[in-house]
Amino acid sequence: MSTHVYADTAALTGRSLRHISRSADTIITTALTPIALLLLFVYVFGGAIEAGGESYVNYLLPGILLIAIASGIAYTAVRLFTDMQSGIFERFHSMPIARSSVLWAHVLTSLVANGITVVIIVLVGLLMGFRTSAGVGAWLAVAGILALFTLALTWLAVIAGLTAKSVDGAAGFSYPLIFLPFISSAFVPTETMPGPVRWFAENQPVTSIVDSIQHLFAGEPVGSDLWVALGWCVGILVVAYLGAMAAYRRRIG
């Protein structure tokens, strides 16, 4: 990317971040709702759930972080759809700015906004008793996995924002993504699930990501889960990015 592209992307990213800071609904949905789920499952259901002997808040936190990210990227699709409908894209394209910066601004905004949400939820988890023996390297690995997961889902959101026919359609694509952690190892070990449900839970991307983060937080060897998680994230990212670029080219002609 040239300096010109960096400058354009930075300016448009600042614009998107200012929009988020003025939207209480975005903050409530992306931060408070996952925190409410964390409180509900730890303090209401946690005593009845067997999590292999460890603190349930320790077990649950990685899944809550993924739910928060899946909720947050819905707003990327909505913001992009709104820009497309308002005609601002046409104005941008009539200006001497890099076309790629228009999409990258939304992607970077998603990474920043979801990163802030993740930090808030981790802090709340610490207040609730979350403890970890993870070192600096493990924390960096967790941050990398979450960033890659966010990036992959964000490019899916870009496709939704470019192709949706309504605001509801732009946001609605995220509902299955938010639901996936509920059928994974995020809330209970997969061994407790009946056969078909267990097979699905063990062979969908969220379980390998959750298991990897749980092991990293516990200071335990991650094993093959990490490579499976990275494979899912990179695979989704590549397919989503190519799909988003194709949709963008069709949209702008």
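A crossing of two helices is right-handed if the near helix is turned clockwise from the far one by less than a right angle. In this predicted model, H3 passes H6 in such a right-handed crossing. Two packed helices are described by the angle between their axes and the distance between the axes. Here the axes of H3 and H6 cross at roughly 35° and come within 8 Å.

The H3 side of this contact includes Leu65, Leu66, Ile69, Ala70 and Ile73. Further along H3, Thr76, Ala77, Leu80, Phe81 and Met84 also take part. They meet residues of H6, among them Leu146, Phe149, Leu153, Ala157 and Val158. Of the residues in the contact of H3 with H6, 16 are nonpolar and four are polar. None is charged.

The largest nonpolar core has 68 residues. Leu38, Leu60, Leu146, Trp155, Val158, Phe187 and Ile209 have the most contacts inside this core. Helices H2 (24–45), H3, H5, H6, H10 and H11 (224–252) each give two or more residues to the core. H3 gives the most, with 17 residues.

Phenylalanine 187 has contacts beyond its neighbours within four places in sequence. Its partners include Phe41, Ile49, Leu60, Ile64 and Ile67. Tyr56 and Tyr59 are also in contact with phenylalanine 187, as are Pro181 and Phe182. Ring pairs link Phe187 into a cluster with Phe41, Phe45, Phe179 and Phe182.

A pair of aromatic rings is described by the distance of the centres and the angle of the planes. The structure holds nine aromatic pairs. In one of them, the rings of tyrosine 56 and tyrosine 59 have their centres 6.2 Å apart. Their planes lie at 15°, so this pair is stacked; the cut-off for stacking is under 30 degrees. Tyrosine 56 and tyrosine 59 are three residues apart in helix H3 (residues 56–86), and about one helical turn separates them. Both tyrosines are buried.

Phenylalanine 130 and phenylalanine 217 form an edge-to-face pair. Their centres are 5.1 Å apart, with 70° between the planes. Phenylalanine 130 lies in the loop between helix H5 (100–127) and helix H6 (136–163). Phenylalanine 217 lies in helix H10 (residues 205–218), so the pair ties together parts that are 87 residues apart in sequence. Phenylalanine 130 is buried, at a relative accessible area of 0%. Phenylalanine 217 is also buried, at 5%.

Two further positions were examined. Serine 71 is placed in helix H3. Its relative accessible area is 12%, so serine 71 counts as buried; the limit is under 20%. Leaving aside neighbours within four places in sequence, serine 71 is in contact with Thr30 and Ile178. Glutamine 85 is 14 residues from serine 71 in sequence. The two are 22 Å apart in space, C-alpha to C-alpha.

Isoleucine 183 lies in the loop between helix H8 (174–179) and helix H9 (195–202). At 23% relative accessibility, isoleucine 183 is partly exposed. Beyond its neighbours within four places in sequence, isoleucine 183 is in contact with Val197, Phe200, Ala201 and Gln204. Glutamate 202 is 19 residues from isoleucine 183 along the chain. Their C-alpha atoms are separated by 9.1 Å.

Conventions. Residues numbered from 1 in each chain as written. Predicted model: local features only at pLDDT ≥ 70, side-chain atom pairs only at ≥ 80, totals over all residues. Heavy atoms only, no water. Phe/Tyr/Trp six-rings, centres within 6.5 Å; stacked < 30°, edge-to-face > 60°. Helix = DSSP H or I, 4+ residues; strand = E, 2+ residues; numbered from the N terminus. Buried < 20%, exposed > 50% of the residue type's maximum accessible area, 1.4 Å probe, protein only. Core = buried A, V, L, I, M, F, W, Y, C linked by side-chain atoms within 4.5 Å. Contact = heavy atoms within 4.5 Å. Axes fitted to C-alpha atoms, helices over the stretch in contact; angles between N-to-C directions. Nonpolar A, V, L, I, M, F, W, Y, C, P; charged D, E, K, R; others polar.
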